[in-house]
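This report examines how side chains are arranged and paired within one protein chain. The sequence and the structure are shown first.

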Amino acid sequence: MRKKKYILFDLDGTLTDPKEGITKSVQHSLRRFGIEEENLDALCPFIGPPLRDSYMKFYGFSEEQATEAIGVYREYFCKDGWVQNKVYPGIRRLLKDLRSAGRKLYVATSKPEPFAVQILEHFELAEFFDFIGGACMNESRTDKYEVIEYVIESCNITDRNEVVMVGDRSHDMIGAKKAGLHSIGVLYGYGSKEELEQSGAEMLVEVPEQIVSLMEV
């Protein structure tokens with residue numbers, strides 16, 4: 001894990017805490033289907049994985065229903081949800097230290113790329129990244145492995161042994177392993193220690209500052 005040159009970061013649950021915006025967007029979309037969910041904590045499993053998968057897994061939606069739900073979700077998210085994010089304590093210092101040490105930083109998120117760029121620019125974090133990669137709005141690219149490959153190819157990264165993926169959910173670790181990358185799981189996000197370990201996380205950190213020590217900055 002030492003001295004990796006390229007570091008890919010997940011967004012939701014890794015750089016920012018998106019709980020309010022995502023759960024309220026899901027809540028808004030479920031109401032269209034006559035489903036009332038007042039407990040926002042119950043909607044936290046939507047944070048991280050592709051939305052389509054979550055609607056189908058947690059509410060038994062068909063492909064057609066999931067597509068409609070995503071459209072309704074975006075009604076709220078585009079207006080209010082995207083700004084209901086909070087940058088985790090220590091993230092700005094982490095990114096600054098890594099950049100100062102010569103690391104190349106990237107974002108690889110299952111969130112649609114335009115939203116990811118908008119959020120990172122709003123919180124003045126975009127300047128730290130060489131590339132911000134995300135899902136497509138038309139969902140032709142949503143799987144985390146596909147996003148990771150998109151970032152690697154877009155940035156002409158050839159030595160995958162020099163790359164590490166940092167994320168908080170199982171799909172981050174699984175995507176990294178499938179792409180032949182090293183991985184770090186963060187425990188301050190929305191994935192449990194068990195989830196991260198079972199999905200192949202090579203290292204775990206409890207706070208962002210620990211990532212700096214792992215990289216020997």
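## Aromatic pairs

In this predicted model, phenylalanine 46 has a relative accessible area of 2%. Because buried means under 20% relative accessible area, phenylalanine 46 counts as buried. Tyrosine 59, by contrast, is partly exposed at 27% relative accessibility. By the rule for ring pairs, the count comes to 12 aromatic pairs. One of them joins phenylalanine 46 to tyrosine 59 in a tilted arrangement, with 6.2 Å from centre to centre and 35° between the planes. This pair links distant parts of the chain: phenylalanine 46 belongs to the loop between helix 1 and helix 2, tyrosine 59 belongs to helix 2, and they are 13 residues apart. Ring pairs also build a cluster whose members include Phe46 and Tyr59, together with Phe33, Tyr55, Phe58 and Phe61.

Another aromatic pair, between tyrosine 73 and phenylalanine 77, is stacked, with centres 5.7 Å apart and 15° between the planes. Both residues lie in helix 3, where a spacing of 4 residues is about one turn of the helix. Tyrosine 73 and phenylalanine 77 are both buried.

## Helix 2 and its surroundings

Which residues of helix 2 are buried? They are Leu51, Arg52, Ser54 and Tyr55. Viewed down the axis of helix 2, these buried residues fall within an arc of 165°, so they line one face of the helix. They pack against helix 1 (19-31) and helix 3. Just after helix 2, glycine 60 adopts a positive phi of about 65°.

Serine 29, located in helix 1, is buried at 0% relative accessibility. Its side chain reaches the backbone oxygen of valine 26 at 2.7 Å. Apart from its neighbours within four places in sequence, serine 29 is in contact with Tyr55, Ala69, Val72 and Tyr73.

## Salt bridges

Side chains of opposite charge can pair when their charged atoms come close. A search of the whole structure finds 16 salt bridges. One of these joins lysine 144 to aspartate 10, with the closest N and O atoms 3.2 Å apart. Lysine 144 is in helix 6 (residues 144-154), whereas aspartate 10 is in the loop between strand 1 (6-9) and strand 2 (16-17); the partners are 134 residues apart. Lysine 144 counts as buried at 1% relative accessibility, and aspartate 10 counts as buried at 2%.

In a further salt bridge, glutamate 63 meets arginine 52, and their closest N and O atoms are 2.9 Å apart. Glutamate 63 lies in helix 3 (residues 63-79) and arginine 52 in helix 2 (residues 51-59), so this pair ties together parts that are 11 residues apart in sequence. Glutamate 63 is partly exposed at 47% relative accessibility, while arginine 52 is buried at 17%.

## The partners of arginine 141

Arginine 141 forms a salt bridge with glutamate 113 at 3.7 Å, N to O. Arginine 141 is in the loop between strand 5 (131-135) and helix 6, and glutamate 113 is in helix 5 (residues 113-122), so the pair ties together parts that are 28 residues apart in sequence. Arginine 141 is buried at 16% relative accessibility, and glutamate 113 is buried at 19%. The charged end of arginine 141 also sits over the ring of tyrosine 150, 3.6 Å from its centre.

Definitions and conventions. Residues numbered from 1 in each chain as written. Predicted model: local features only at pLDDT ≥ 70, side-chain atom pairs only at ≥ 80, totals over all residues. Heavy atoms only, no water. Salt bridge = Lys/Arg side-chain N within 4 Å of Asp/Glu carboxyl O. Helix = DSSP H or I, 4+ residues; strand = E, 2+ residues; numbered from the N terminus. Buried < 20%, exposed > 50% of the residue type's maximum accessible area, 1.4 Å probe, protein only. Arc of directions from axis to C-beta. Contact = heavy atoms within 4.5 Å. Polar contact = N/O pair within 3.5 Å; in protein donor to acceptor, adjacent residues only side chain to side chain. Phe/Tyr/Trp six-rings, centres within 6.5 Å; stacked < 30°, edge-to-face > 60°. Lys NZ or Arg CZ within 6 Å of the ring centre and 35° of its normal.
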